[in-house]
Amino acid sequence: MFYQEIQKVLTPIYKLRYLTLFLSAVSILMGLVPPYLMGILIDDITYYGGHRAYFIIGSLIGVLVLGFFLDWSQSLAWNNMINKGAGMVRSYLFENVLHKNYRFFIDHPIGDINNKVINDAYLYTQNKIAAMPTILLNFMHITVILVFLYHMDVYMTVAAMIFSVVFFAVCAYINKFLKKSSIKERKGFSALMNTANETLMGINTIQLYTVEDFFAHRFEKSVDKYEKLLIRLKLFQSLTTSATTSLIGIMTAFAVLSGIFFLSIERITVGGVVAFYLFLPRLSEPIRNLSNFNIEGQTAKAVAERLEELITKEVRPKTELEKIEHIEQLGFKNLGFRYPDTEEAVLSNINMELVRGDSVAVIGTSGTGKSTLLRLLKRQVDPTQGEILVNGKNHTTIDWHSYIDRIAVLTQQVFVFDATLQENISFGKKYPEKKIRESAEISMMGHFSMDEQAFGLSGGERQRIGLARAIACDYDVLILDEPTSELDSKTETKIIENLKALQQEKKFIMIVVTHSENVLNNLCNKRLEL
């Protein structure tokens with residue numbers, strides 16, 4: 001499935017390959033003319049008195065200049081095509097990641113996901129786009145050179161062909177080791193990236209506890225582990241490169257000795273020997289290209305296996321689910337949940353019924369399942385016991401999008417991205433400016449300019465941005481996870497008053513996870529103790 005999906009994504013790019021392929025083919029053919037002209041020039045001077053020398057020299061200079069521009073053009077075309085393709089694949093993979101089930105992010109470190117989307121995607125796309133043209137161009141390159149060589153001397157051409165067969169046999173043997181090493185190296189690099197990401201994300205706590213040296217040593221151990229994997233990979237990559245170099249050296253020596261021998265028995269001209277010798281580096285170029293492509297191909301196969309899980313679709317019910325316009329009633333009936341890797345249930349036999357206008361405070365000590373209850377309500381996980389009732393029906397029988405669209409959430413850790421306050425409150429949705437301003441007023445952020453950047457906000461200000469973001473939505477259920485934990489008592493009291501007034505106006509269901517007595521006593525009319 002992965003190959004077919006990426007094929008569709010890259011379809012617009014493949015159309016550019018024909019022009020790039022044409023430019024590259026002409027550039028290769030143009031690059032093979034100078035050695036041939038050099039041979040003719042030497043023979044003309046040696047045997048015919050050089051009566052065509054000026055014409056040949058002029059042609060040689062013209063070909064070299066034209067070859068330069070052709071080579072430059074095809075190089076730009078390749079880079080442009082690969083970079084565009086990599087951008088399209090990265091965007092496609094990132095979009096798929098964002099639609100993954102919440103469980104996926106529990107099981108996969110963020111550093112590993114980032115490495116797959118940014119680095120692995122580029123490696124794979126580069127190989128995917130270049131595969132067919134690389135093989136065609138380099139085999140064409142080798143074939144044209146062999147035709148030139150055959151025109152000059154058949155025996156020396158046979159030697160070149162034998163060399164090519166030996167080279168590919170050596171590469172085929174090394175291939176199996178290359179792929180295994182590439183897979184391990186990619187996994188090791190992801191682990192290194194994840195260690196760096198999680199350390200930098202926790203830099204505030206690390207510095208507060210003055211444990212910088214501990215985490216520096218932890219990163220150093222990850223670097224050492226990755227270096228061992230990289231050294232093993234480079235061992236096989238360099239083995240392929242060295243084998244290519246050695247075989248080319250052997251062939252060069254053989255060709256020179258053969259040229260001297262054939263020249264002594266007058267089977268070939270001086271110009272022919274020179275041209276043959278000048279063609280040898282040209283033959284090594286496509287062979288090296290195929291060798292490097294083989295190395296990159298093994299890496300691409302390794303990363304393809306890693307990338308496939310990013311686009312694996314979540315299993316959805318095939319039957320049509322009921323869509324709802326509003327949530328009038330929300331209930332828990334013997335609700336329970338147990339994570340797959342644990343024996344004890346996090347939640348068990350939770351029962352409650354809520355109607356519009358109700359405010360319930362969810363209370364309990366740490367580890368009693370408050371966060372799990374919110375995940376159940378948001379459909380990030382499904383109950384393993386009992387059910388959640390929406391308008392009297394099991395919420396798993398209701399269309400996911402129509403259900404989630406009627407719920408607004410303030411999370412405990414508010415996500416703020418590097419943009420203005422207005423963009424952080426609207427959060428990708430197109431609200432009227434008046435609505436954003438009203439939401440900011442309710443969350444006690446009205447004294448801020450909405451054009452101000454949000455990235456440098458304090459913890460309490462971030463929390464109020466999250467509240468403004470939630471209440472700006474069109475919702476029937478408002479879920480607040482510790483909405484006032486970082487606020488002073490005066491600000492907390494004012495926000496409670498604003499929320500009460502807002503609920504009386506809109507009659508929504510409010511679910512509040514809190515430890516605040518102020519919230520318990522003045523905002524909520526029901527309690528659910530876990």
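Contact here means heavy atoms within 4.5 Å.

A quick word on what you're looking at. This is a predicted model, so local features need pLDDT of at least 70 and side-chain atom pairs count only at pLDDT 80 or more, while totals for chains, interfaces and linings use all residues. Residues are numbered from 1 along each chain as its sequence is written, and side-chain values use heavy atoms, with hydrogens and water left out.

Back to Y124. Together with L93, Y124 has the most contacts inside the largest nonpolar core, which has 40 residues. By nonpolar core I mean a set of buried Ala, Val, Leu, Ile, Met, Phe, Trp, Tyr and Cys residues joined through side-chain atoms within 4.5 Å. Buried is under 20% relative accessible area, exposed is over 50%, and partly exposed is in between, using a 1.4 Å probe and protein chains only.

Which helix gives the most to this core? That's α6, with twelve residues. Helices that each supply at least two residues include α3, α4 (53–98), α6 (110–152) and α10 (270–311). Helices, by the way, are DSSP runs of H or I with at least four residues, strands are runs of E with at least two, and both are numbered from the N terminus. There's also a second, separate core of 39 residues, and Y431, I465, C473 and L499 are among its members.

Staying with α3 (residues 17–48) for a moment, T20 is found there. T20 counts as buried because its relative accessibility is 3%. Beyond four places in sequence, T20 is in contact with Q74, A77, W78 and M81.

Now the whole chain. It comes to 17 helices and nine strands, and of its 530 residues, 47% count as buried.

Next, a sheet. Four strands form an open, antiparallel sheet in the order β2-β1-β4-β5. Two strands pair if DSSP finds at least two bridges between them. The edges are β2 (347–355) and β5 (393–394), each pairing on one side only. β5 pairs with β4 (residues 385–390) over two bridges. Helix α11 (residues 370–377) packs on this sheet, touching β1 (329–337), β2 and β4, and its direction makes about 125° with that of β1. For that angle, axes are lines fitted to C-alpha atoms, for helices over the stretch in contact, and angles run from 0 to 180 degrees between N-to-C directions.

Last stop: salt bridges, where a side-chain nitrogen of Lys or Arg is within 4 Å of a carboxyl oxygen of Asp or Glu. The structure holds ten.

Take D476 and R356, whose closest N and O atoms are 2.9 Å apart. D476 sits in the loop between α15 (459–471) and β7 (477–481), R356 in the loop between β2 and β3 (359–363), 120 residues apart. So is D476 buried or exposed? Buried, at 1% relative accessible area, whereas R356 is partly exposed at 27%.

Then D358 meets K526 at 3.1 Å, N to O. That pair links the β2–β3 loop to strand β9 (residues 526–529), 168 residues apart.

D474 and R406 also form a salt bridge, at 3.1 Å between the closest N and O atoms. D474 lies in the α15–β7 loop and R406 in the loop between α12 (400–404) and β6 (407–410), so this pair ties together parts 68 residues apart in sequence.

And to join some of these up: E328, R356, R406, D474 and D476 are linked in a network of salt bridges.
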